[in-house]
Amino acid sequence: MHQKRYYNLFMQNGDIILKVVFFRTLNGKEPVREWLLGLPQEQRKAIGTDIKIVQYSWPLGMPVVRKMAADLWEVRITIFNGIARVLFTVDGSLMILLHGFIKKSQKTPENELETALQRLNQYRKNKL
């Protein structure tokens, strides 16, 4: 229900607040893009829709977005067989997608959070 309300809001307004970009490693890989391409189309569509909600409605809080750490948020996505998370940072008008995963437990696994924080630090250092 909440997602439909946000969807209608950004569709009526039409102004993009954040430009979405994929974090890129030093060797040119885009881990979130690669992760997304490995998912079924239905899951990719759900994830893309919620990212678009953030893109058009930023700043945004629960239930769609939750702050995880300084300069790190998660998009909270319900998919057919579970819950997906996309961890991101905001740099000016950019939404940098740092890490994505399918959540299997109530709490965000520490290794998933650590991966996003490492990529955030790499992004800050190299502005990739």
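What follows is a chat about helix 4 and the salt bridges of this structure.

Biologist: Before I ask anything, what kind of model is this?

Modeller: It's a predicted model, where local features need pLDDT of at least 70, side-chain atom pairs count only at pLDDT 80 or more, and totals for chains, interfaces and linings use all residues. Numbering starts from 1 along each chain as its sequence is written, and side-chain values use heavy atoms, with hydrogens and water left out.

Biologist: Which helices and strands does the protein have, and in what order?

Modeller: There are four helices and five strands, running α-β-α-α-β-β-β-β-α from the N terminus on. Both are DSSP runs numbered from the N terminus: helices are H or I with at least four residues, strands are E with at least two.

Biologist: How do you know what span to expect for helix 4?

Modeller: The expected span is 1.5 Å times one less than the number of residues. Helix 4, residues 110-126, has 17 residues and reaches 24 Å from first C-alpha to last, close to the 24 Å expected. After the helix comes Lys 127, with a positive phi near 50°.

Biologist: Why is Leu 113 called buried?

Modeller: Buried means under 20% relative accessible area, exposed over 50%, and partly exposed in between (1.4 Å probe, protein chains only). Leu 113 has 14% relative accessibility, so it counts as buried. Leaving aside residues up to four places away in sequence, Leu 113 touches Met 68, Leu 72 and Leu 87; a contact here is heavy atoms within 4.5 Å.

Biologist: What puts the buried residues of helix 4 on the same side?

Modeller: The buried set is Glu 112, Leu 113, Ala 116, Arg 119, Leu 120 and Tyr 123. They cover an arc of only 125° around the axis, so they sit on the same side of helix 4. That arc is taken from the directions from the helix axis to the C-beta atoms. On the other side, Glu 110, Asn 111 and Lys 125 are exposed. The buried residues pack against helix 2, strand 2, strand 3, strand 4 and strand 5.

Biologist: Arg 119 is on that buried list. What does its side chain reach?

Modeller: The backbone oxygen of Leu 98, at 2.8 Å. The side chain of Arg 119 also has a polar contact of 3.1 Å with that of His 99. A polar contact is a pair of N or O atoms within 3.5 Å; within protein, one must be able to donate a hydrogen and the other to accept it, and residues adjacent in sequence count only if both atoms are side-chain atoms.

Biologist: What makes Asp 71 and Arg 124 a salt bridge?

Modeller: The term needs a side-chain nitrogen of Lys or Arg within 4 Å of a carboxyl oxygen of Asp or Glu. For Asp 71 and Arg 124 the closest N and O atoms are 2.6 Å apart, so the pair qualifies. The pair links distant parts of the chain, 53 residues apart: Asp 71 is in the loop between strand 2 and strand 3, Arg 124 in helix 4.

Biologist: And why are those two called partly exposed?

Modeller: Asp 71 has 35% relative accessibility and Arg 124 has 40%, so both fall in the in-between class.

Biologist: Which residues share salt bridges in one network?

Modeller: Glu 74 and Arg 85 form a salt bridge, with closest N and O atoms 3.3 Å apart. Salt bridges that share partners join Arg 66, Glu 74, Arg 76 and Arg 85 into one network.
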